Amino acid sequence: MTLAGILHPDFPAASAGQVGRRATAPWVGQLARFGLVGGGASLVQLATYTFLADSVGSQPANVASWLASTLVATELHRRFSFGGSGSGIEGDHAVGILTSLLTLLLGAAALATLNDPSDTAGVLALVAVNALVGGLRFVVLRWWMVGRSSQRFGPSAPAARPDRS
């Protein structure tokens, strides 16, 4: 499977007569919405981390802020970024948490290397980790919430989840 197939498995390739036409793949709109939701969730995570870091320490603050932002972000990605319905919510959240574990692990490693992770350097480290892992999360969550259902049912059957663009 190619990256293009994961990003949008049911987007038809341009034929010879359509080469001059500009078509926007539905994943472009999904990526924009994913960025907005992810950016908002990162702000919530950073605010929670900043609020908690001095009182409970950097690592517990990192875990608490990560968990809160991951749960909210996964639900918003499911509903807003990828246009999901009420079905499959448990699996969506499980995949959201699993893909976000990389953010937690890399964030913990980055904070562990800092002398004073409760200051601006800790926040900047978490921003860098969130940006790094965000692209990978988009590909995985998009495949899980959109691409997987269209591959399972084939191009002629209606998708289990609508593809909003």
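**Entry 1: the α3–α4 crossing**

I looked up the handedness of the crossing of α3 and α4 and noted it as right-handed; a crossing is right-handed if the near helix is turned clockwise from the far one by less than a right angle, and left-handed if anticlockwise. The residues of the contact of α3 with α4 divide into 10 nonpolar, 10 polar and three charged. In this division Ala, Val, Leu, Ile, Met, Phe, Trp, Tyr, Cys and Pro count as nonpolar, Asp, Glu, Lys and Arg as charged, and the others, Gly among them, as polar. I record that the model is predicted: local features need pLDDT of at least 70, side-chain atom pairs count only at pLDDT 80 or more, and totals for chains, interfaces and linings use all residues. Residues are numbered from 1 along each chain as its sequence is written, and side-chain values use heavy atoms, with hydrogens and water left out.

For the geometry, I found that the axes of helix α3 (residues 58-81) and α4 come within 9 Å and cross at roughly 150°. The axes are lines fitted to C-alpha atoms, for helices over the stretch in contact, with angles from 0 to 180 degrees between N-to-C directions. Helices are DSSP runs (H or I, at least four residues), numbered from the N terminus.

**Entry 2**

I then searched for salt bridges (a side-chain nitrogen of Lys or Arg within 4 Å of a carboxyl oxygen of Asp or Glu). The count comes to two. Glu75 pairs with Arg78, the closest N and O atoms being 2.8 Å apart, and with Arg79, where the corresponding separation is 2.3 Å. Glu75 and Arg78 are separated by about one helical turn, because they are three residues apart in helix α3. Glu75 and Arg79 lie four residues apart in α3, also about one turn.

I checked burial next (buried: under 20% relative accessible area; exposed: over 50%; partly exposed: in between; 1.4 Å probe, protein chains only). Glu75 and Arg78 are both buried, and the relative accessible area of Glu75 is 15%.

Asp92 is placed in helix α4. I noted Asp92 as buried, since its relative accessible area is 0%. The C-alpha atoms of Asp92 and Trp144 are separated by 7.5 Å, although the two residues are 52 apart along the chain.

Leu102 is likewise found in helix α4. With 33% relative accessibility, Leu102 counts as partly exposed.

Key:
Helix = DSSP H or I, 4+ residues; strand = E, 2+ residues; numbered from the N terminus.
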